[in-house]
Amino acid sequence: MRARFLGKDPDSQVDNSPTLFATDRTDRTTYIAQGWKVTDPQVLKDVGPVPDHETLIEIPEEVLKYYARRYQEEDH
């Protein structure tokens, strides 16, 4: 599997850059998000148990715009 950069938070700083990538999986469409690890106890309680092989990350809404842009570019 390969990852293709889609975009990163335009307001990001060095070592603090939420980013979105698209994968080239052939069995389904997937994305990889680099973001802030969620450690807030209330959020973790709200979400509930997370399996050991998964994690929760937080990314800014600005980064999600790269998801929509990917499909807009394909239409042109």
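Among the elements of the protein chain, which has the lowest mean pLDDT and which the highest?

## Confidence of the model

This structure is a predicted model. Helix α2 (residues 61-74) has the lowest mean pLDDT among the elements of the protein chain, at 81, while helix α1 (residues 41-47) has the highest, at 97. Over the protein chain, pLDDT averages 88, and 96% of the residues score at least 70. Where pLDDT is low, predicted coordinates should not be read in detail.

## The sheet

Three strands form an open sheet in the order β1-β2-β3, and their pairing is antiparallel. The edges are taken by β1 (3-8) and β3 (31-34). Each of these has a single partner strand, so one side of each is left without a neighbour in the sheet. On average, neighbouring strands of this sheet are turned by 25 degrees against each other, direction ignored.

Strand β2 (residues 19-23) pairs with β1 in the antiparallel sense, over five bridges. Phe5 stands opposite Phe21, a residue of β2.

## The nonpolar core

The largest nonpolar core has five residues in all: Leu6, Leu20, Ala22, Val63 and Tyr66. Both β2 and α2 give two or more residues to this core. In soluble globular proteins, nonpolar side chains tend to be buried together.

With neighbours within four places in sequence left aside, Leu20 is in contact with Arg4, Phe5, Leu6, Gly7, Tyr31, Ile32, Ala33, Val63, Tyr66 and Tyr67.

Definitions and conventions. Residues are numbered from 1 along each chain as its sequence is written. This is a predicted model: local features need pLDDT of at least 70, side-chain atom pairs count only at pLDDT 80 or more; totals for chains, interfaces and linings use all residues. Side-chain values use heavy atoms; hydrogens and water are left out. Two strands pair if DSSP finds at least two bridges between them. Helices (H or I, at least four residues) and strands (E, at least two) are DSSP runs, numbered from the N terminus. Axes are lines fitted to C-alpha atoms, for helices over the stretch in contact, and angles run from 0 to 180 degrees between N-to-C directions. pLDDT is the predictor's confidence in each residue, from 0 to 100. A nonpolar core is a set of buried Ala, Val, Leu, Ile, Met, Phe, Trp, Tyr and Cys residues joined through side-chain atoms within 4.5 Å. Buried means under 20% relative accessible area, exposed over 50%, partly exposed in between (1.4 Å probe, protein chains only). Contact means heavy atoms within 4.5 Å.
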